Structures are given as C-alpha cells and as structure tokens.
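Here are my notes for you as you look through this structure. Take the points one at a time, with the viewer open beside you.

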Amino acid sequence: MSSMAISARGKVREEGPARLGELLERNPYMYEIYPSEASREALTVFKMHEGAGEWFGLSAKPIDRASFAFGGAISDSHGYVVDAACCIGCGSCVPVCPQQCIALTDGVAAIDQSHCLHCGRCLNTCPVEAIERRWARMEVWMKACNLTGISLQA
Ligand code: SF4
Ligand code: SF4
C-alpha cells in the first residue's frame with residue numbers, strides 16, 4: 001500500500017463557497033461531519049497560493065523525503081545537520097538512527113537528508129552537541145533580523 005504525508009505552510013486567501021461542492025466530492029468523509037445543507041453553510045474554501053513544505057514517502061524503507069515550494073516562496077530548510085567541526089567521530093548517532101541514514105566518513109558523521117525522518121534521535125544521542133536542527137540556525141537569523149510573530153515548526 002502506498003502511503004505519503006505532506007506538510008505545507010504558507011499564505012492563504014478565501015475563495016468563498018463556489019468550489020465547496022468539488023472539495024466535498026474529493027473528500028466524501030466531510031459529508032459525515034457536515035451531513036446537512038444547513039451545517040455546510042458554515043463552510044468556505046481557502047486556497048494556499050504561496051508556500052513551502054515537505055513530502056514524505058512512507059511506503060519505502062528508508063523513507064523518501066523532499067522539500068517543495070510554490071507561488072514564489074522559498075523552500076524551508078528542516079531536519080538535522082552535523083557540524084563537522086564539532087563531530088568527534090564517536091559513532092554514537094549511527095546505531096540509533098531508525099533510517100540508517102548516518103554514515104561516518106574519515107571520522108566525521110553526515111546525514112543523508114533524502115532519507116532522514118526528522119525524529120531527532122541522533123541529536124539527543126550526540127555527546128558533544130555536534131548535531132543541530134536546521135530551524136535552530138533559522139531562528140537565530142530571524143531573531144537577529146527582528147522577525148517576530150512567525151511560528152516555527154520542527
Ligand atoms: S533525525 Fe532521526 S532519521 Fe534523521 S538522521 Fe537523526 S536519527 Fe536518523
Ligand atoms: S554522535 Fe555526534 S560526535 Fe558522535 S559521530 Fe555522531 S555527530 Fe559525531
């Protein structure tokens with residue numbers, strides 16, 4: 001069975017109820033949540049016209065993952081990275097990775113981003129804090145630029 005997950009963040013605008021019927025046909029379970037015409041009068045349609053996100057193919061082992069952007073948005077950088085300058089090559093992160101996507105080369109760990117699940121187990125295992133979230137770097141940059149009021153997600 002094929003299974004995938006998509007997360008997206010971006011700007012939306014209200015389209016009104018004109019395409020509501022089309023949306024309900026594609027998601028028939030909504031008829032159970034809003035069974036009557038009267039209950040569906042509360043609904044409207046929003047369209048995300050600019051945004052970015054990630055796609056996870058969960059059927060494969062290891063999983064596949066890719067970022068995307070649309071409407072002129074810039075793709076986000078998520079996940080975890082190894083700071084090669086801090087890594088001492090102890091190898092503790094390798095066996096805890098459920099995706100087997102960490103490899104040691106010349107005594108330095110590196111993460112294969114195309115298979116990383118973003119679980120964070122490696123970060124919690126590293127004894128010298130050589131692994132960090134990519135968003136951590138972005139948060140520092142955003143604070144430096146005084147960009148407040150923006151929600152960040154792992
Ligand atoms: S975040 Fe999880 S899946 Fe990704 S490299 Fe670390 S342990 Fe592996
Ligand atoms: S646990 Fe940390 S120090 Fe050890 S190999 Fe992995 S990244 Fe490097």
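**Notes on the fold and the ligand sites**

1. Let us begin with one pair of residues: F56 has R65 of strand β3 as its bridge partner. Please keep in mind from the start that this is a predicted model. A second pair to look for is A52, whose bridge partner in β3 is A69. Both pairs belong with the antiparallel pairing of strand β2 (residues 46-57) and strand β3 (residues 64-70), which runs over 7 bridges. To get from β2 to β3, follow the hairpin of 6 residues that joins them.

2. Now step back to the sheet around this pair. Which order do its strands take? The order is β1-β2-β3, in an open sheet of 3 strands with antiparallel pairing. Strands β1 (4-14) and β3 stand at the edges with a single partner strand each, so each has one side without a neighbour in the sheet. On average, neighbouring strands here are turned by 15° against each other, direction ignored. As background, strands of a sheet pair through backbone hydrogen bonds, in either a parallel or an antiparallel way.

3. A5 is found in strand β1, and A5 touches F56 and L58, leaving out residues up to four places away in sequence. A5 and E54 are 49 residues apart in sequence, yet their C-alpha atoms are 8.3 Å apart in space. Is A5 buried or exposed? A5 is exposed, because it has 11 other C-beta atoms within 10 Å, and a residue with 12 or fewer counts as exposed.

4. The other landmark is H49, which has its place in strand β2. With residues up to four places away in sequence set aside, H49 touches K11, R13 and G71. The C-alpha atoms of H49 and G10 are separated by 7.5 Å, although the two residues are 39 apart along the chain. H49 has 14 other C-beta atoms within 10 Å, so it is partly exposed.

5. Read along the sequence, they follow the pattern β-α-α-α-β-β-β-α-β-β-α-β-α. Among contacts with a separation of 6 or more, 62% join residues 24 or more positions apart. Buried residues make up 10% of the 154 residues in the chain.

6. Where do the buried nonpolar residues gather? The largest nonpolar core has 11 residues: Y80, V82, C93, C97, I102, A109, C116, C122, C126, A130 and I131. In general, nonpolar side chains tend to be buried together in soluble globular proteins.

7. Next, look at the two ligands. Around ligand 1 there are 15 residues, and C97, C116, L117, C119 and C122 come nearest. This shell has 11 nonpolar, 3 polar and 1 charged residues. Around ligand 2 there are 14 residues, with C87, C90, C93, A109 and C126 coming nearest. How many charged residues does the shell of ligand 2 have? There are no charged residues in that shell, which has 10 nonpolar and 4 polar ones.

8. A second hairpin is worth a visit. Strand β5 (residues 102-105) and strand β6 (residues 108-111) pair in the antiparallel sense over 4 bridges. L104 has A109 of β6 as its bridge partner. The hairpin has 2 residues between the strands, and D106 takes a positive phi near 50° there.

9. Finally, check some backbone angles. Most residues other than glycine have a negative phi. H118 is not a glycine, but its phi is positive, at about 65°. H118 has its place in the loop between β6 and α5 (121-125), and it counts as partly exposed because it has 16 C-beta neighbours inside 10 Å. E129 also has a positive phi, near 55°, in a residue other than glycine. E129 is found in the loop between α5 and β7 (131-133). With 9 other C-beta atoms within 10 Å, E129 is exposed.

Methods: Residues numbered from 1 in each chain as written. Chains lettered and ligands numbered in written order. Predicted model: local features only at pLDDT ≥ 70, side-chain atom pairs only at ≥ 80, totals over all residues. Near = placed C-beta within 6 Å. Nonpolar A, V, L, I, M, F, W, Y, C, P; charged D, E, K, R; others polar. Core = buried A, V, L, I, M, F, W, Y, C linked by C-beta atoms within 7 Å. Buried ≥ 20, exposed ≤ 12 C-beta atoms within 10 Å, placed from the backbone. Pairing = 2+ DSSP bridges. Contact = placed C-beta atoms within 7 Å. Axes fitted to C-alpha atoms, helices over the stretch in contact; angles between N-to-C directions.
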